[in-house]
Amino acid sequence: MQNSSPVADDRHHKLAPHRVLVSRKNAGRALVVLASAGFLLVLLIQILHSIGATTAGYTDWRPVLYAYLLWAIAFGIGQVTIRGERGQRALFLFPAVFFTVAVVIFPTLFGIYIASLDWNLSSFEGPHFNGLNNLIGLFHDDYYWNALRNMIFYTLAVLGEYAIAFGLALLLNAEIRARRLFRVVFLLPLMLSPVAVSWMIGKSLMEYRFGPAATLARDLGWDNPAFFAFPWVARLSIEAMDAWVSIPFIMIMLLAGLQAMSKEVLEAAKVDGASGWQSFWHVTFPLMLPVSVTVLIIRIIFKLKLADIVINVTAGGPGGATDTVSSFIYRVYRDRSNVGYGTALAMFYLLLIIAFLTVLLRLSKRWTQKVA
Amino acid sequence: MPKGVALLAIFTPASQPARKHHAATRATRILSRLLIYGALLFWAFVCLFPIYWTVTTSFKSALDVTQGHLIPWLDFQPDWKGWRSIGLSPDSILGTSTARAEFVSRFENSIITSVGASVLALVLGSLAAYGLSRFRYRFGWMRNDDILFFFMSQLILPPVVLALPFLVLYKALALLDTRLGLILLYTLTVLPIVIWIMRDQFNSIPVELDEAAFVDGLSIWGAFIRIVLPLAVPGMVAAFILSLVLCWNEYFFAALLTSTDAKTLPVMVASQTGSQGINWWSMAALSTAAIAPLVIVGILLERYIVSGLTTGAGK
């Protein structure tokens with residue numbers, strides 16, 4: 001399967017001609033075969049044990065994990081002995097690949113299986129096959145579609161975060177005193193845990209009776225400053241908290257882009273008599289487009305996982321107005337113990353994300369090419 | 001964009017008479033300075049006030065909270081109330097305290113899982129990033145770009161997709177409610193970011209250095225460990241801190257996969273909000289203690305984070 005090709009260009013190393021002895025090759029092959037056989041044996045014993053065919057076996061599946069680890073090590077050694085330098089090169093990639101395959105591929109496949117089950121942890125019956133019923137149920141679940149609609153709002157709000165972050169990055173890039181101090185201060189919210197933030201801001205600062213934010217809102221003339229009682233206000237409050245935590249990330253990436261930009265272009269614009277606003281729109285912004293697109297896509301990816309703040313502040317309320325898909329599924333797991341259905345919802349969400357991001361990547365690629 | 005600039009020159013009106021122009025620019029310059037510093041101070045206030053509020057609230061009594069007192073010594077008399085309730089005030093730190101014992105064990109869990117996962121991700125990610133930066137691979141139909149995309153695509157997996165399969169998987173592997181289980185999972189979530197940062201870092205190190213090392217008789221791995229890796233330390237620090245932040249603050253998996261032994265700080269903070277109602281001073285103390293380590297890390301190592309993300313943004 002694996003093979004590092006001898007093709008080389010200026011970026012990549014040339015492969016030194018190196019012969020591997022036939023006996024070493026055979027020893028390496030034997031090692032790989034032996035390790036694979038051992039791994040399969042452990043796996044077989046455990047499968048037979050868990051379906052009740054044999055009494056011999058282990059109390060849990062942990063030995064299979066160790067066997068996998070040993071197999072991976074043996075496979076790596078085998079590659080080096082069989083392929084020599086090519087094997088050594090491949091060895092850089094193996095740990096990450098084997099790790100990812102073990103912890104992603106298997107759980108994802110397993111998840112697809114769970115998604116087809118009617119499995120409620122609180123019922124006595126245990127899991128049984130349900131076919132596509134979960135999928136059909138999903139289409140009639142108003143709360144799920146409501147959560148998806150909320151996700152559209154939250155995703156669009158990324159543009160607002162981006163605008164604020166761009167402004168802050170420009171401020172930090174201007175000629176100011178104490179730049180480093182401001183940069184540290186602006187970065188701080190990124191360090192804070194969303195759970196702590198949901199208490200610090202959501203449950204105490206915005207507290208209805210004596211939170212400072214509520215007091216301020218009363219002074220400004222809002223008689224009833226309930227930040228989490230009305231759907232749109234609640235949604236905006238949640239978004240404000242999430243923005244507070246994540247704006248620093250966007251800001252730092254944009255700042256890095258601004259600092260990498262050549263000063264000459266801006267000076268040329270100044271010489272040509274462009275005002276600050278014009279040189280921003282016609283010079284800075286277009287030049288920043290590639291960085292902007294990268295950071296926006298990363299931010300959207302993280303936004304699609306938004307859950308912690310919603311779970312801890314509103315638990316989705318009022319009436320599902322602030323629900324994200326993740327927080328909704330979390331409640332399906334936690335409160336209703338509905339494992340099969342929850343996983344089906346999650347899998348469907350994953351498909352939507354993949355489709356959405358594929359389109360987004362295509363569009364952004366075309367768009368940046370057109371402008372730049 | 002020289003083309004855009006040239007276009008601009010056509011549309012901008014001819015400059016004003018000189019003297020009038022001078023006074024006007026001076027006024028606008030002062031105004032713009034004022035606006036810039038005003039905006040900077042406003043946002044600094046937005047960033048700092050919630051932290052200030054939390055830290056001061058941990059020293060307030062219930063009355064001070066309800067009356068909205070904000071400034072210590074002027075408005076209210078600070079008191080170790082919140083810190084006493086988690087056993088961390090000067091007068092209670094020597095005595096025994098169940099609250100402190102719980103806090104310390106959660107703190108330990110958080111440190112071990114986040115540092116463990118960050119180290120593991122850094123090792124796996126640096127190796128893979130170096131490989132992808134220097135060699136050409138072909139695994140069946142997969143080339144370098146495909147392999148990179150395979151790693152990066154893990155980033156889009158939302159936690160809800162993995163949560164349940166992991167719950168069942170960990171139950172079978174006896175990894176439920178263990179630190180090792182959390183470490184493996186967290187490693188998975190930060191690995192794409194580490195690979196992303198480290199690949200750019202390695203790309204910025206000239207390949208001639210490796211070649212010189214080969215000429216000196218070092219093997220591929222020798223060149224990597226003795227020549228290239230020391231040069232990549234800034235990127236590694238940045239990747240490490242970013243992973244640390246993400247792992248330390250992670251809540252979703254920790255809430256679903258731990259119950260008693262391996263509970264981390266965010267889970268503890270979240271569970272307190274529900275049970276204790278309006279016990280503000282202890283919540284504030286707990287939140288302060290939970291965010292303090294990363295705030296300190298952030299203040300001390302801020303430039304590494306910025307420089308690490310800079311290499312990332314360059315690509």
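Author: Let me start with one term: two residues are in contact if their C-beta atoms, placed from the backbone, lie within 7 Å. In chain B, among contacts between residues at least 6 apart in sequence, 72% join residues at least 24 apart. This is a predicted model, in which local features need pLDDT of at least 70 and side-chain atom pairs count only at pLDDT 80 or more, while totals for chains, interfaces and linings use all residues. Residues are numbered from 1 along each chain as its sequence is written, and chains are lettered from A, with ligands numbered from 1, in the order in which they are written.

Reader: OK, and what does the secondary structure of chain B come to?

Author: Chain B has 14 helices and one strand; helices (H or I, at least four residues) and strands (E, at least two) are DSSP runs, numbered from the N terminus. Of the 315 residues in chain B, 46% are buried, where buried means that 20 or more other C-beta atoms lie within 10 Å of the residue's own, exposed means 12 or fewer, and partly exposed is in between, with C-beta atoms placed from the backbone.

Reader: Let's zoom in on H10(B), then; which are its buried residues?

Author: They are Ile220(B), Ala223(B), Phe224(B) and Val228(B). Seen down the axis of H10(B), these buried residues fall within an arc of 95 degrees, so they line one face of the helix; the arc is that of the directions from the helix axis to the C-beta atoms.

Reader: Why would they end up on one face?

Author: As a general point, an α-helix has 3.6 residues a turn, so residues three or four places apart point the same way. In H10(B), the face turned away from the buried side carries the exposed residues Ile225(B), Arg226(B) and Pro230(B).

Reader: And what covers the buried residues of H10(B)?

Author: The cover includes H3 of chain A, along with H5, helix H8 (179-203) and helix H9 (207-215) of chain B. As for its length, H10 (residues 220-231) of chain B has 12 residues, which at 1.5 Å a residue should span 16 Å, and its end C-alpha atoms are 16 Å apart, which agrees; the expected span is 1.5 Å times one less than the number of residues.

Reader: Changing topic: into which domains is chain A divided?

Author: Chain A is divided into domain 1 (22-115) and domain 2 (136-371), with bounds that come from an automatic or database domain assignment. The C-alpha centres of these two domains of chain A lie 41 Å apart, and four residues of domain 1 are in contact with five residues of domain 2. The domain 1 side of that meeting has three nonpolar residues, one polar and no charged.

Reader: What about the domain assignment of chain B?

Author: For chain B, the assignment gives domain 1 (16-46) and domain 2 (98-314), and their C-alpha centres lie 43 Å apart.

Reader: Is Glu207(A) buried or exposed, by the way?

Author: Glu207(A) counts as buried because it has 20 C-beta neighbours inside 10 Å, and Glu207(A) is found in the loop between helix H7 (194-205) and H8 of chain A. Its C-alpha atom is separated by 8.0 Å from that of Phe227(A), which is 20 residues apart from Glu207(A) along the chain.

Methods
Ala, Val, Leu, Ile, Met, Phe, Trp, Tyr, Cys and Pro count as nonpolar, Asp, Glu, Lys and Arg as charged, and the others, Gly among them, as polar.
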